[in-house]
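Please look at the sequence and the structure before reading each solution.

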Amino acid sequence: MAYSNKVIDHYENPRNVGSLPKDDPNVGTGLVGAPECGDVMKLQVKVNPETGVIDDAKFKTFGCGSAIASSSLATEWLKGKTVDQALAIKNTEIVAELSLPPVKIHCSVLAEDAIKAAISDYKKKQGQADSVQPAAQPTA
Amino acid sequence: MAIKLPIYMDYHATTPVDPRVVETMVPYFTEQFGNAASRNHPFGWAAEDAVEQARKHVSDLIGAGAKEIVFTSGATESNNLAIKGVAEMYREKGRHIITAVTEHKAVIDTCKRLEKEDCRVTYLPVQKDGRISLDDLRNAISDRTILISIMTANNEIGVLQPIAEIGAIAKEKGILFHTDAVQAVGKVPFNVNDLKVDLVSLTAHKMYGPKGVGALYVRRRNPRVLLAPQIDGGGHERGMRSGTLNVPGIVGMGKAAALCKAEMTQDAARLGALRDRLNERLHKGLDEIYVNGSMEHRLPHSLNVSFAYVEGESLLMGINDVAVSSGSACTSASLEPSYVLKALGAGDDLAHSSIRFGLGRWTTQEEVDYVADKLITVVTRLREMSPLYELAKEGVDLSTMQWQVH
């Protein structure tokens, strides 16, 4: 399969790989996907409590090149956005930016889900729980 | 010497044609272009002689008689002819066929079609090592069973099935035994009488011959196997496969078979050593990697490894100067990981993380070392960005996680 140059660039030079302290009250963590589907994304945002703006974003992804690129791009876009602006990011924008082919659209959907899960986790910590889907958790 | 990139390590998919094979084929496109069925002039005689010599080479490779070889367009056609031909010819005797879940699609889908008619098909499971259980086979046999079709070596994992044991059971029960042997013949010793097989599918392009030509071995004695032809026409190949013979292709397959017979022992020893070197180097450089399928019952040039916590397609992307295959869903249109690896009981996550290495006649030690080192680098990098690796290192048991399955 031919990848777009942007996908290759994100795969070779992923932005913002890493982890933020998940117990920090200003950090929201989203973990979406499933290993048996071949994609798991962990996306974290750190929100500045003063301004409500996302100061930092990190990701780790198990998945194909398009999944890695989608989450890497998402972290780039998240930085500097408010929480509400972050929730407005649509998977179709990721598809357009990375020129993802139809069989890879699920990667962009997963990235959008990861953003929503991370923001939801942050809001829950801040006592503003809403109906956004929760992240995966160990059952033990 | 600098390594030439990209490196080809996908010899299970296809092999390059040996230059000695090409050289043998060339005259049959131009000077010796006759139709092997033209019985009344020298052009036809020359073509027929060439075909008969090739038939001898192919039959010699598997310990068969020349008259037991039917040339086809390749192993998919051979599998179709064997299974459908038996199902139709032995219709009165029974309607039950036994095969295995890890067979090639050319066998599975042929059986599925017969199921839509009035056949019953048993798909035997495989054990963790990729081999069927002989007890399962015995239990599946009924007095309505007419055919057992079990491949000699699997195309994805290289695992060899207990063909001699299956052959003995089939013989004892009076059931015909077909094996798709495309990955094994020419690579490891194979003798139709020692193994007690009745039908064998072969293809030239997996043994350094050209694409578009294959063969079906059809036993003529003890028992004499009858097949209902699936292609009607001029009655070529003793009526079992009509169609003008692909003379250059058949000549190429014959030469390829002769070369394999002469060189198999030394090739297998060399490639087995290189394969083991690749495996050892990978295990030295990486933790949590798993060989899929039996190491003991395996083609010498074959290795299939799962690299836990990294996904196959992203791995292939990182080693894009190496041609290999992955069991990852993303490399197929279906979004389903390899059904063969799933059948071994490997979790879907490990099926997604697998790479198949196929070494061949022109694989060098330098290439093996390059591929191993490159994989170690890329797997390490991808694990650094893998949330699964991070969770595992934190001590989380991934199998207890509840995932949102999309």
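**Exercise 1.** Describe the salt bridge between Lys42(A) and Glu390(B), and state whether the two residues are buried or exposed.

*Solution.* In this predicted model, begin with the distance: the closest N and O atoms of Lys42(A) and Glu390(B) are 2.6 Å apart, which is a salt bridge because the rule asks for a nitrogen and a carboxyl oxygen within 4 Å. Finally, consider accessibility, for which both Lys42(A) and Glu390(B) come out as buried.

**Exercise 2.** Characterise the interface of chain B and chain A by its contacts, its area and its polar pairs.

*Solution.* Start with the contacts, where 31 residues of chain B touch 37 residues of chain A. The area buried between the two chains is about 3,000 Å², and carbon and sulfur atoms give 63% of that area. Then turn to the charged pairs: four salt bridges are found across the interface, and one that joins the two chains links the side chains of Glu313(B) and Lys104(A), with 2.7 Å from N to O. The rule also finds 13 residue pairs in polar contact across the interface, both residues being at pLDDT 80 or more. On the side of chain B that touches chain A, the elements giving two or more residues are helix 9 (312-318), helix 11 (348-352), helix 12 (365-384), helix 13 (387-393) and strand 14 (401-402) of chain B. The residues of that side divide into 14 nonpolar, nine polar and eight charged.

**Exercise 3.** Of the salt bridges counted over all chains, examine the pair Lys6(A) and Glu97(A) and explain which parts it ties together.

*Solution.* The count over all chains comes to 31 salt bridges, and in one of them the side chains of Lys6(A) and Glu97(A) meet at 3.3 Å, N to O. Lys6(A) lies in helix 1 (residues 5-12) of chain A and Glu97(A) in helix 4 (residues 91-98) of chain A, so the pair ties together parts that are 91 residues apart in sequence. Lys6(A) is partly exposed, with a relative accessible area of 41%, and Glu97(A) is also partly exposed, at 31%.

**Exercise 4.** How are Arg138(B) and Asp135(B) placed in helix 5 of chain B?

*Solution.* Arg138(B) and Asp135(B) are three residues apart in helix 5 (residues 134-140) of chain B, and are therefore separated by about one helical turn. Their closest N and O atoms are 3.4 Å apart, and they form a salt bridge.

How values were computed:
Residues are numbered from 1 along each chain as its sequence is written. Chains are lettered from A and ligands numbered from 1 in the order in which they are written. This is a predicted model: local features need pLDDT of at least 70, side-chain atom pairs count only at pLDDT 80 or more; totals for chains, interfaces and linings use all residues. Side-chain values use heavy atoms; hydrogens and water are left out. Contact means heavy atoms within 4.5 Å. Buried area is the accessible area (1.4 Å probe) that two parts lose on being put together, summed over both. A polar contact is a pair of N or O atoms within 3.5 Å; within protein, one must be able to donate a hydrogen and the other to accept it, and residues adjacent in sequence count only if both atoms are side-chain atoms. Helices (H or I, at least four residues) and strands (E, at least two) are DSSP runs, numbered from the N terminus. Ala, Val, Leu, Ile, Met, Phe, Trp, Tyr, Cys and Pro count as nonpolar, Asp, Glu, Lys and Arg as charged, and the others, Gly among them, as polar. Buried means under 20% relative accessible area, exposed over 50%, partly exposed in between (1.4 Å probe, protein chains only).
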